[in-house]
Amino acid sequence: MFNDTINLLGLIELPLRDRQFTWSNRRDVPTLIRLDRVFINHAWNTLFPTSSLSSLTRDTSDHVPLLAKVSTSIPKGGFFRYEPSWALHQRFRSSISAAWVSTFRPDPTARLVARLRLCRKEGGFGVKDLHRQNSIALRHGEDRRVIDSPSTPRFCSREAYRSLAPAQPLDTSSCMSWALQAPSKIKIFTYLADIDRLSTRANLFHKSCAPSDVCAACPCPETGRHLFFACRLATATWSRLDVPIPAGDFSIWELQAPAPFDPAVWRVGVAAILWSLWKSRNDLVFNGVAHSADSTLRRVCDDLALWRWRFRVAHREPLDILRSYVLSCLES
Ligand SMILES: [Zn+2]
């Protein structure tokens with residue numbers, strides 16, 4: 001009944017850490033029992049999360065006096081987290097160098113500790129800079145985010161990235177993917193396909209998310225390279241289009257067009273072919289339906305017809321030429 005009441009009221013017992021029993025009958029062979037307890041409710045626990053219970057010395061009573069301390073102080077961890085992007089900031093080296101020589105203590109250990117502390121204080125400037133690039137004043141009207149950038153004072157993630165990493169070369173693969181005139185999911189898909197980060201069997205197996213890395217269509221490991229350029233369906237599709245597959249490591253944007261197509265249109269074509277190969281692969285893996293080069297290319301034609309409306313009128317004709325070429329490669 002006692003326990004039922006405790007449970008019904010949702011009470012929590014404050015643990016007594018320095019003593020096991022609180023009552024004794026003081027006989028030669030004593031009976032020792034834990035009789036005295038302190039309970040708190042959930043609201044109390046939220047308000048005073050570090051409350052504690054300890055015992056005092058017993059004088060006259062056969063019960064041990066208990067002392068409950070009410071406390072809210074939560075110990076804070078002094079973790080320092082280094083951001084690798086700080087090293088890319090143009091002022092990183094000078095700030096750290098200045099901090100390193102700005103203090104001198106005769107004791108080498110104290111000197112090292114003081115220097116590390118100063119460097120740690122200076123190190124976070126890269127992130128802090130984003131917030132203090134311009135002086136902030138509260139005013140009426142719409143909020144405006146700004147950044148002290150040479151090209152534009154308007155805050156945008158691109159300028160923030162360039163401001164933090166001015167020496168970083170642009171990633172041409174991602175530039176090509178984002179510039180595609182295709183649905184957003186296709187842009188993301190082609191980017192992941194180019195850097196081999198799709199959920200292929202090999203990648204899933206590597207992350208312990210698949211029982212094996214073997215391709216669903218052949219006994220080879222299903223890497224992105226295998227799936228899109230070496231597996232039976234892929235080689236049949238590319239050879240039907242008369243597209244040579246380069247040897248070794250290459251970017252999908254290095255695939256040579258079989259005819260002088262508009263380069264931007266050809267890149268959309270490459271994306272459509274990879275997407276269709278991926279859809280064929282998924283159909284085989286999840287539905288057990290095997291596709292041929294013909295059905296894969298037919299889906300490419302459908303997608304190109306669908307994406308045609310994303311192109312400016314002037315660019316639709318080059319896309320139609322590419323689609324006609326893919327159609328001409330169909331067997332039936
Ligand atoms: Zn395969």
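At what angle do helix 11 and helix 12 pack, and how far apart are their axes? I get about 150° for helix 11 (residues 232–240) against helix 12, with the axes 11 Å apart. Axes here are lines fitted to C-alpha atoms, for helices over the stretch in contact, and angles run from 0 to 180 degrees between N-to-C directions. Helices are DSSP runs (H or I, at least four residues), numbered from the N terminus.

Housekeeping before I go on. This is a predicted model, where local features need pLDDT of at least 70 and side-chain atom pairs count only at pLDDT 80 or more, while totals for chains, interfaces and linings use all residues. Residues are numbered from 1 along each chain as its sequence is written.

Back to helix 11: it passes helix 12 in a right-handed crossing (the near helix is turned clockwise from the far one by less than a right angle). I listed the contact (C-beta atoms, placed from the backbone, within 7 Å): Leu233, Ala234 and Thr237 of helix 11 with Ile273, Leu277 and Ser280 of helix 12.

Next I looked at helix 12 (residues 263–287) and helix 13 (residues 293–307), which pack at about 130° with axes 9 Å apart. That angle makes helix 12 oblique to helix 13 (oblique is what remains after under 35 degrees, roughly parallel, over 145, roughly antiparallel, and 65 to 115, roughly perpendicular). This crossing of helix 12 past helix 13 is right-handed. On the helix 12 side I noted residues including Val268, Trp275 and Lys279, and on the helix 13 side Arg299 and Trp307 are among them. I also checked Ala272, which touches Val300, Asp303 and Leu304, leaving out residues up to four places away in sequence.

Then the core. The largest nonpolar core has 30 residues, and Phe228, Ala234, Val270 and Leu277 are among those with the most contacts inside it. A core is a set of buried Ala, Val, Leu, Ile, Met, Phe, Trp, Tyr and Cys residues joined through C-beta atoms within 7 Å, and buried means 20 or more other C-beta atoms within 10 Å. Helix 12 gives the most to this core, with 10 residues.

I put Glu254 and Phe48 at 64 Å apart, C-alpha to C-alpha, and 206 residues apart in sequence.

Methods. Helix = DSSP H or I, 4+ residues; strand = E, 2+ residues; numbered from the N terminus. Contact = placed C-beta atoms within 7 Å. Buried ≥ 20, exposed ≤ 12 C-beta atoms within 10 Å, placed from the backbone.
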